[in-house]
Amino acid sequence: MEILIQQLVNSLSVASVTILIGMGITLIFGLAGIVNFAHGEFLMIGGIATWFFVGMGLNFFVALVLAMVVVGALGFVAERGLFRFTLDRPMNGFIMSIGLSVILQHVVVRVFDEFQKSTPDPLNTVWVVGDVHIIAMRAVVVAITAVVVAITYFGISRSRYGLALRASVADQSTAELMGIPVRRYVTGVFVYGSILAGLGGALMIGLFPITPFVGSVIITRGFVVSLMGGLGNVNGAVLAGLVLGLVDGFSAGYGYPEWTDAYSLVIMIVILVVRPQGLLGGTLGPKAS
Amino acid sequence: MTLLTVEHLYTAYGAVKVNHNVSMTVGEGEIVTIIGPNGAGKSTILRAISGLLKPKQGAITFDGRNVTGLAADRMAGLGVVMAPEGRKIFADLTVRENLKLGAYARKDQSGVDADIELMESYFDILATKRDAKGGTLSGGQQQMLAIARGLMARPRILILDEPSLGLAPVMVKEVRSVVAAVRDKFNAAVLLVEQNASLALAVSERGYLLQHGQIVASGPIEELRESSLMRELYFGEQSAQAGE
């Protein structure tokens, strides 16, 4: 039983990073129609930036905020400088993003090196509840993710901006006729998704070491989660992230650990065959007119 | 007072040229129509004015200000608002959310709330169906919502693209009285594009007749109605439709 609860907390913390990356992908595709394959590198840069700032002597959580700012700025430059020009041709944007992901990896390797990086444990606390040992940092990761999920969910479903975003997804031209500055909102969503990737990277390096190549692994998981949940559907990304995180955690604890990645991909394939629109239904991306 | 001026407008979709040298005006509180056969380029003029399509050449002036090429969201903010062809109601959003979105460019929240009530009292179907999804409304109800949504921006000119398209005859009559009300109750000028020439002629004060992307006749509606070209074109279109 203790092991079960510990596995659950561990799984949830891993699921948190997956949810953050999947939510970013799902928002950016669903609302802006951009498939950004470099999103995993955005996460990696978030992690490396955190490591860098911690190395400069900053507190981990200060470094985390700075990393979010760095990746948000990177997202702004990428959207305004690159993806803006491929909005009419999403396939071009997709291929471009693959190139961007390789370039970003190489830049990081060039500026730093290719070796694994880690930060000292940000919180050196273990909570003991009965026989259950909970590593405080893992609980913090779960809590931060829960807050971010709640903010995103209510922002989209309740706020004036969320309403305008949903209208923009449904019909861009008509949204513009209503006075909604759709283009600016596309940039805003891209930057927001990028900030989530930055946060995901920072939390990840708070849990375990990462390399400059972690992005290519994580991007697959991000797309698995966003497709499984239904592209553009935040709730779907959260649900799929939880499913995946739990499957991972428990297969590592109880099943064949070396099959961990295969389990999640098999689940994705089954879901996409049986329910092509994803678990909770998604969009096909924004419509141009 | 002239509110909107279009001078020597040329439009195109890629290499396909649509409008040639179109010049027209709409005065404050005036109801003006553009009529012409299918494919004459009526809607394209409206898209250029409302900011959805950048003109190739020409100038558009609104309230003394050059607004040529300004994006649609900016135009809506200035008070040039279009209810697009096919109504384009946000099907997954509620009636009330659709109305709210119509006022997106406005900053006066209390005025917006008051206007929602005003629309609901004027178009009672919008009160009855307040929380229904836009997509569940009938065509005629959607058209009323589209016009009300446009009015929520407190436009100085409301552009209506084919408001009677696909509506039952009884609803067409309703559209007719609503167009008059847009001016009389909500103080907006109206620029109307209609296939249904009898509707357009009945509600408008002035008109432009468009053929092959160019204006071929214009003037007060009584003169336009009597023009031989109008009769020929309108009659031609009728027989073409009968032949379908």
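## Briefing: two chains, helices and sheets

In chain B, helix 1 (residues 42-50) lies across strand 1 (2-13), strand 2 and strand 4, running at about 115° to strand 1 of chain B. This is a predicted model: local features need pLDDT of at least 70, side-chain atom pairs count only at pLDDT 80 or more, and totals for chains, interfaces and linings use all residues. Residues are numbered from 1 along each chain as its sequence is written, while chains are lettered from A and ligands numbered from 1 in the order in which they are written.

**Terms**

- Helices (H or I, at least four residues) and strands (E, at least two) are DSSP runs, numbered from the N terminus.
- Strands pair if DSSP finds at least two bridges between them.
- Contact means that two C-beta atoms, placed from the backbone, lie within 7 Å.
- Angles run from 0 to 180 degrees between N-to-C directions, with axes fitted to C-alpha atoms, for helices over the stretch in contact.

**Chain A: overall**

- Chain A has 11 helices and 2 strands.
- From the N terminus, its elements run α-α-α-α-β-β-α-α-α-α-α-α-α.
- A compact globule of 289 residues would have a radius of gyration near 19 Å (over C-alpha atoms; 2.2 Å times the number of residues to the power 0.38). Chain A has 19 Å, which agrees.
- The C-alpha trace of chain A spans about 60 × 45 × 35 Å along its principal axes.
- Of the 289 residues of chain A, 52% count as buried (20 or more other C-beta atoms within 10 Å; exposed is 12 or fewer, partly exposed in between; C-beta atoms placed from the backbone).
- Take the contacts in chain A between residues at least 6 apart in sequence: 79% join residues at least 24 apart.

**Chain B: the 4-strand sheet**

- This open sheet has the order 2-1-4-5, with antiparallel pairing.
- Its edges are strand 2 (16-27) and strand 5 (65-66) of chain B, each pairing on one side only.
- Strand 4 (residues 57-62) and strand 5 of chain B pair antiparallel over 2 bridges.
- Thr61(B) stands opposite Asn66(B) in strand 5.

**Chain B: the 6-strand sheet**

- The order is 6-7-8-3-9-10 in an open sheet with mixed pairing.
- Strand 6 (80-83) and strand 10 (214-220) of chain B are the edges, each pairing on one side only.
- The twist averages 15° from one strand to the next.
- Strand 9 (residues 206-211) and strand 10 of chain B run antiparallel, joined by 6 bridges. Gly207(B) has Gly219(B) as its bridge partner in strand 10.
- Helix 1 of chain B packs on this sheet, touching strand 3 (31-35), strand 6, strand 7, strand 8 (189-194) and strand 9. It makes about 145° with strand 7 of chain B.
- Helix 6 of chain B lies across strand 6 and strand 7, at about 170° to strand 6.

**Chain B: positive phi**

- Arg154(B) is not a glycine, yet its phi is about 50°. It sits in the loop between helix 6 (139-151) and strand 7 (157-161) of chain B. Arg154(B) is buried, with 20 other C-beta atoms within 10 Å.
- Glu162(B), also not a glycine, has a positive phi near 55°. Its loop lies between strand 7 and helix 7 (169-184) of chain B. Glu162(B) is buried, with 21 other C-beta atoms within 10 Å.
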